[in-house]
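User: I am new to this structure. Please take me through how its parts meet.

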Amino acid sequence: MVLILKLLIGLCWISVTASAALPAQKDELVYRHVEDGAPSSVDPLHIQNTYANSLVTAIYDTLYEYKYLKQPFELKPNLAASMPKVSEDGLVYTFKLKSGVKFTDDPAFKDGKGREVVAEDFVYSLKRHFIKSNRSNGKWLWQGRIKGLDKWGQESGGYQKEVDGIKALDRFTVQVTLVKPFPQFLYTLALGYAAIVPREADEKYGKQISVHPVGSGPFVLESLSSTKAVLVKNSAYRKEIFDIELHGYEEAKHGSTGIAKLSGKQLPLVDQVEVSYIKQPSSLWNSFTKGNEIQYGWVPTVQLDQVLASRQPLKLKKDFSDRFHMRVASDFGYVYLEFNMNDSSIGYHKDPEQNKRNHALRCAIRKGFDWQNRIDRMYHGIGEAFPGIIPPGVDGFDPSLSRESVELDVNGAKQLLKKHNWNAKTLPNLYYSGVNSVDFRKFFVQFRSWMSRIGYPKEKVKLKTFATFGDYSKAIKDGRLMTHSMGWGLDYPDAENVLQLYYGPNKSPGSNSSNFNNSEYNEIYRQASAMQPSVKRTELYKKANKILIDECVVIAGFSRTRVHLWHKNVSMYPTREVLGNYFKYVNVKPL
Amino acid sequence: MHFLRYTVRKILYGIPLILGVTFISFLLMVYFGPEQTYTLLGKNPTPEDLENIRRQLGYDLPFITRYAQYLQEIFTFDFGYSASSNERVLDILARTVPVSIMVSIPGFLLGNGVGICLALCAAHFRGLWPDKLIMFFSVFGMSVSLLIVIIGFQMIFCSSYGLNWFPVQGWDVDSFFDYLKYVTVPTMATSFVAIGYNTRFFRSVLVEEIDSDHVRTMKAFGIHPLIIIIVHVLQNNLIPILTRMIFTIPYILIGGSILIESFFAIPGVGGVTYDAISSGDLPIMKAVISIYTLLYVGVLIATDLVYRLVDPRVELG
């Protein structure tokens with residue numbers, strides 16, 4: 001009955017103000033952004049994708065953030081007044097927060113007026129992740145890292161009970177004590193997971209804080225639906241001036257974007273940001289090229305030939321270059337095909353001889369994997385495979401590393417199989433698994449044809465499909481799959497984030513889905529993950545990467561490349577993934 | 001009084017139907033639907049995290065307990081919170097269902113209205129060129145996939161490659177003019193396909209009536225063909241026509257159109273339902289299935305009552 005009443009009210013309401021948000025005033029600057037997927041929640045506890053991270057970091061403050069234009073990525077203070085003081089042993093971090101920063105006005109506060117953000121808010125926000133009933137997605141970042149925090153979560157003694165490892169020393173000073181050195185700790189504080197949530201809002205809205213965020217960031221969420229989010233400028237946002245030099249501006253690289261003219265301006269630059277969530281590439285492209293809808297987009301792969309004048313170097317046709325800015329950027333992550341080392345038909349085997357044969361089989365499959373063909377056919381020939389799992393631009397990436405592991409070698413594969421007595425009869429069934437889709441089936445057909453070239457009987461290369469990503473993940477985490485294709489987006493710009501994927505103790509259901517367990521690798525990871533950036537650490541990262549290549553545990557990697565386009569009246573430098581909080585730097589010139 | 005007694009009896013008959021549908025669908029959801037645990041997990045979960053989420057989602061409870069909880073939710077009309085977004089399920093539906101209704105209604109009215117007119121015309125000129133022309137376009141409309149129609153219409157009417165008259169995507173409706181702006185192309189697309197199906201169905205129903213003795217007699221008496229068609233032919237065939245129309249109402253109210261909503265980025269219930277099915281968001285699925293079933297039972301009752309209204313000879317027994 002309640003629903004029916006609501007529906008009727010909704011129907012009447014819709015004829016007058018059915019829009020998800022108030023329309024922007026004519027003289028207001030509105031930036032219209034697009035994403036190809038939608039966030040389900042904007043609670044910092046439940047950031048399941050980059051779409052959610054972009055919104056959360058625009059609404060909430062984090063202690064640190066990435067410099068907008070700097071590559072490789074570099075942190076700068078955001079809500080923190082400065083970079084932290086770190087004890088010599090790397091265990092104690094002391095942060096000073098900016099004073100005078102206020103949460104946005106909300107009925108959750110006394111008299112509806114946003115109060116000042118204080119050190120206790122940071123402590124509260126981090127503790128939230130460790131409350132069992134909160135089902136945090138981000139807990140893993142700090143699990144086993146902060147003194148007393150895990151224990152506090154298990155005991156559920158309430159927020160009043162103090163945690164040894166996180167203390168508010170005074171109104172604006174926080175001290176975090178780690179269990180062991182964790183040099184990536186600061187990176188985690190720039191992620192949306194570390195956004196600062198006021199206790200009052202959490203208590204007032206409970207679960208529904210997921211759609212009713214109250215932060216102190218540059219924008220306020222006006223509305224959120226499955227197809228659109230509207231952010232409006234936080235009128236009480238602190239004074240933050242866009243210092244382009246600090247953000248890594250380079251004339252040669254960013255000169256054409258018009259960003260130079262924004263130097264010295266108060267952030268955020270636009271009054272409103274509208275983020276459309278459009279899953280259909282054709283709709284996205286039509287909306288982008290229309291002129292008065294979304295102002296940023298990317299070239300759908302099916303349109304590349306219509307839009308590009310050349311691929312090497314990548315150039316737009318004149319019609320498009322006259323109307324749009326372009327940036328070609330690789331995803332900050334990679335795609336790969338992984339073997340399940342717990343599957344005795346291809347992974348570890350108790351018989352040392354069979355173990356060797358399985359190793360040879362994995363290496364032969366990798367030799368038969370034709371990355372160039374995959375990139376040409378499925379990624380329209382843009383981008384290049386790299387050996388191992390550390391992508392270019394990340395400390396530990398070795399440009400001098402042999403490319404053998406990403407180059408096709410059919411004869412090498414055949415010889416290896418022959419040498420280890422693998423033939424059409426002895427080869428095991430090879431299951432290629434993934435979420436059912438047209439593209440996935442194309443991947444499979446391609447893979448099967450490559451395998452048949454190295455002598456794998458076609459009927460032994462089999463497809464295993466799943467209806468949903470949840471089912472697929474379950475099968476992976478349960479260790480039921482022989483191989484699985486996945487993609488990994490880096491949470492922070494440090495190779496530790498990818499190397500932990502093969503660390504033995506992280507085995508399924510942890511992040512190590514291959515269940516790789518190598519004592520030498522584990523030891524290197526343990527050492528390197530606790531080290532500050534140094535030449536020695538870089539060497540250890542390279543060594544770990546090399547072990548993965550030698551063990552043929554994964555066929556990797558390739559970072560998908562996207563051709564970003566944006567309208568000429570928009571000043572921005574598009575990026576995705578790690579960065580977050582970038583809407584505040586975007587400017588729109590009225591047409 | 002007779003009507004009331006009949007309605008109450010029908011509602012009572014509807015209870016086993018509701019129980020049956022909800023039981024079977026819940027069985028399918030629990031044992032064959034996707035499990036959401038793994039979607040909700042963080043990147044490096046421990047077995048304890050896994051256990052914790054499963055417990056919170058109620059996956060550890062016996063099936064019968066879960067089904068009893070589901071029945072209680074239907075009875076109290078409170079389906080809790082979405083497992084994906086933590087938003088109250090009824091709030092999600094209250095926000096999205098009206099949008100889907102607003103998008104579907106013009107297509108429903110046009111598809112049926114134009115379908116009936118064309119069917120009457122085709123039936124009246126049976127075997128002649130107007131009939132053949134209408135049937136040709138009906139078959140054409142039925143044969144082209146909705147997906148192709150959407151892509152084509154969006155390209156022609158919305159994009160800069162075509163006429164560029166309407167928005168490609170969105171639902172920023174602040175006035176009736178805005179509403180027309182956003183609903184026109186989706187309506188054209190759905191009507192294009194629906195008119196074909198409806199015209200063929202309605203024509204086949206009407207053709208028999210046109211050949212009947214009483215119609216021939218009326219023609220012989222020189223009664224105007226329009227009066228014959230509308231007053232006599234159409235009215236005498238209202239039962240099958242209304243049946244077809246009424247049975248699409250639950251779909252309009254709660255089903256939405258996934259394709260239309262996806263291509264035009266319209267925040268309706270179709271997309272929400274699709275996402276819930278693919279992610280295994282049980283609270284939303286349970287709510288949608290329950291409301292759909294309740295509406296269906298309501299429609300069954302309404303259909304019988306409408307029969308009685310349009311044809312007093314029908315007994316409510």
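User: How many Å separate the centres of domain 1 of chain A and domain 2 of chain A?

Analyst: This is a predicted model, where local features need pLDDT of at least 70, side-chain atom pairs count only at pLDDT 80 or more, and totals for chains, interfaces and linings use all residues. Residues are numbered from 1 along each chain as its sequence is written, chains are lettered from A and ligands numbered from 1 in the order in which they are written, and side-chain values use heavy atoms, leaving out hydrogens and water. Chain A is divided into domain 1 (27-271 + 574-588) and domain 2 (333-559), with bounds from an automatic or database domain assignment. Taken over C-alpha atoms, the separation of their centres is 34 Å.

User: What area do domain 1 of chain A and domain 2 of chain A bury between them?

Analyst: Contact here means heavy atoms within 4.5 Å. By that rule, 15 residues of domain 1 of chain A touch 15 residues of domain 2 of chain A. Buried area is the accessible area (1.4 Å probe) that two parts lose on being put together, summed over both. Carbon and sulfur atoms give 60% of it, and the total is about 1,100 Å².

User: Which residues in domain 1 of chain A lose the most area to domain 2 of chain A?

Analyst: Three residues together account for 40% of what the domain 1 side buries. They are A:Trp140, A:Pro183 and A:Gln184.

User: Which residue forms a salt bridge with A:Glu496?

Analyst: A salt bridge is a side-chain nitrogen of Lys or Arg within 4 Å of a carboxyl oxygen of Asp or Glu. The count between domain 1 of chain A and domain 2 of chain A is 1. For A:Glu496, the closest N and O atoms are 3.7 Å apart, and the partner is A:Arg145.

User: What area is buried between chain A and chain B?

Analyst: Here 65 residues of chain A are in contact with 63 residues of chain B. Carbon and sulfur atoms give 52% of the buried area, which is about 5,300 Å² in total.

User: Which side chain meets A:Lys279 in a salt bridge?

Analyst: The rule finds 4 salt bridges across the interface of chain A and chain B. In the one at A:Lys279, N to O is 3.5 Å, and the partner is B:Asp275.

User: Which element gives the most to the side of chain A that touches chain B?

Analyst: Helices (H or I, at least four residues) and strands (E, at least two) are DSSP runs, numbered from the N terminus. Elements that each supply at least two residues include β10 (272-277), α8 (281-290) and α1 (2-17) of chain A. The top contributor, with 9 residues, is α1(A).
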